[in-house]
Amino acid sequence: TAKGAGRNALVEFEPALAARQAERLVLRHDLRQALAAQQMFVVYQPRVGSHSRQVASVEALLRWRHPDHGLVPPDTFIALAEESGFILELGLWVLRQALQQFALWRADPAVPVRHLSVNLSPVQLADPGFPAALHALVQEFGIRPGELELEVTEGALIQDVDAAVTRLAALRARGVAIALDDFGVGYSAMRYLNRLPFDTLKIDKSFVFAFGVERPALAIATAIVALAKALDKRVVAEGVETPEQADLLQGLGVNELQGYLYGKPQTPAELARSWAGSAPAALKP
Ligand code: C2E
Ligand code: MG
Ligand code: MG
Ligand code: MG
């Protein structure tokens with residue numbers, strides 16, 4: 001019966017849930033010393049121009065190598081850091097690491113990276129001290145207007161649209177571009193989209209994965225690109241794994257492509273190896 005099935009399901013479910021909660025507790029505790037213990041590092045995933053298919057920019061993505069648990073998924077530990085407020089310190093650390101690395105790349109003509117994207121937690125965006133801290137870092141590393149882009153998820157913005165408009169405008173006034181990350185999933189900011197100050201829409205990878213599998217996916221991606229173009233914004237697609245997906249997205253008018261087809265998130269040393277010997281597009285005949 002349904003009742004019996006429900007009871008069985010519960011019996012199987014409870015220990016798993018308890019174990020997960022216990023693990024979260026351990027991770028939450030360990031997270032506090034992870035930075036000092038040098039368990040955190042930043043990897044960078046290439047983004048290519050949809051026509052040139054050459055690397056134009058990279059997205060910084062945080063990694064935590066736990067001594068017992070190995071690599072902890074960012075979706076797990078970022079949420080924990082947001083709950084405890086530790087994300088403020090962690091987020092600035094990522095930004096500093098990434099800007100420092102970007103300044104090195106920019107000074108090297110053999111490296112094609114000309115733009116940098118860094119994810120911004122809604123907790124950071126809501127921090128009154130963030131714009132000044134960002135400004136100090138931008139000055140320290142001599143970052144020019146348009147070189148740095150911060151990625152925020154739309155869901156974080158529609159809870160208080162007026163506040164989001166003010167905060168995003170303050171960042172853009174400092175020459176920092178804004179991307180709406182994971183666009184099209186979870187919430188719909190359609191109603192507020194014309195009010196939000198931003199530069200780029202990032203089509204969520206779930207739509208790209210569903211091309212050729214679920215009929216509406218391509219239609220939704222088409223609509224997102226049309227919407228972005230009507231608002232005069234750039235469009236980036238994430239989760240590009242096949243040449244077919246890349247060609248479809250290019251055909252739709254997507255500006256940049258990001259995905260395993262062009263590279264997984266990698267350490268600077270790994271990227272340097274892949275770039276060695278291949279001159280940037282601008283230097284090729
Ligand atoms: P995101 O910002 O949407 O980043 C894109 C995610 O998609 C990354 O997962 C990336 O590795 C993955 N991805 C990119 N291309 C492909 C592909 O072709 N196939 C597949 N299967 N996956 C692909 P990752 O690195 O696990 O990060 C997950 C999320 O964690 C990020 O999603 C972002 O929301 C958050 N995150 C990561 N680093 C930071 C950070 O420094 N600060 C904040 N606030 N959040 C971060
Ligand atoms: Mg992102
Ligand atoms: Mg994303
Ligand atoms: Mg995501």
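## Helices and strands

Helices (H or I, at least four residues) and strands (E, at least two) are DSSP runs, numbered from the N terminus. Gln-45 lies in one such run, strand 1.

This is a predicted model, where local features need pLDDT of at least 70 and side-chain atom pairs need pLDDT 80 or more, while totals for chains, interfaces and linings use all residues. Residues are numbered from 1 along each chain as written, chains are lettered from A and ligands numbered from 1 in written order, and side-chain values use heavy atoms, without hydrogens or water.

Is Gln-45 buried or exposed? Gln-45 has a relative accessible area of 8%, so it is buried. (Buried means under 20%, exposed over 50%, partly exposed in between, with a 1.4 Å probe and protein chains only.)

The side chain of Gln-45 has a partner. It makes a polar contact with the side chain of Gln-258, at 2.8 Å. (A polar contact is a pair of N or O atoms within 3.5 Å; within protein, one must be able to donate a hydrogen and the other to accept it, and neighbours in sequence count only through side-chain atoms on both sides.)

## Aromatic pairs

The structure holds three aromatic pairs. (Rings of Phe, Tyr and Trp, taking its six-membered ring, pair if their centres lie within 6.5 Å; planes under 30 degrees apart are stacked, over 60 edge-to-face, the rest tilted.) One of them joins Tyr-44 and Trp-105: the ring centres are 4.9 Å apart and the planes meet at 80°, so this pair is edge-to-face. Tyr-44 sits in strand 1 (residues 40-49) and Trp-105 in helix 3 (residues 87-106). The two are 61 residues apart, and the pair links distant parts of the chain. Both Tyr-44 and Trp-105 are buried.

Trp-64 and Phe-77 form another edge-to-face pair, with 5.8 Å between centres and 85° between planes. Trp-64 lies in strand 2 (residues 55-66) and Phe-77 in helix 2 (residues 74-84), so the pair ties together parts 13 residues apart in sequence. Trp-64 is buried, at a relative accessible area of 0%. Phe-77 is buried too, also with a value of 0%. Back at Tyr-44, there is a cluster: ring pairs link Tyr-44, Trp-105 and Trp-275.

## The magnesium ions

Which protein residues hold the magnesium ion that is ligand 2? Its donors are Glu-59 (OE), Asn-119 (OD1), Glu-151 (OE) and Asp-181 (OD), at 2.0 to 2.3 Å. (Donors are N, O and S atoms within 2.8 Å of the metal, or 3.2 Å for Na, K and Ca; water is not among the atoms, so sites may look incomplete.) Along the chain, the donors of ligand 2 follow the spacing E-x59-N-x31-E-x29-D. Take Glu-59 and Asn-119. Glu-59 is in strand 2 and Asn-119 in strand 4 (residues 115-119), 60 residues apart, and this pair links distant parts of the chain. Glu-59 is buried, at 4% relative accessible area. Asn-119 is partly exposed, at 30%.

Asp-181 also bridges two metals: the magnesium ions that are ligand 2 and ligand 3, which lie 3.8 Å apart. A further magnesium ion, ligand 4, is coordinated by Asp-182 (OD) and Asp-182 (OD) at 2.7 Å. Asp-182 lies in strand 6 (residues 177-183). The distance from ligand 4 to the magnesium ion that is ligand 2 is 5.7 Å.

## Around ligand 1

An N or O atom in the Asp-182 side chain is 3.0 Å from an oxygen atom of ligand 1. A polar backbone atom of Leu-62 lies 3.1 Å from a nitrogen atom of ligand 1. A backbone N or O atom of Tyr-260 lies 2.8 Å from an oxygen atom of ligand 1.

## Loops

Where does Gln-38 lie? Gln-38 is in the loop between helix 1 (2-34) and strand 1. Gln-38 is not a glycine, yet its phi is positive, about 60°. Its relative accessibility is 72%, so Gln-38 counts as exposed.

Asp-232 has a positive phi too, near 65°, and is a residue other than glycine. Its loop runs between helix 9 (215-230) and strand 8 (234-237). Asp-232 is exposed, with a relative accessible area of 71%.

Gln-266 sits in the loop between strand 9 (256-258) and helix 11 (268-275). At 17% relative accessibility, Gln-266 counts as buried. Gln-266 and Gly-70 are 196 residues apart along the chain, and their C-alpha atoms are separated by 17 Å.
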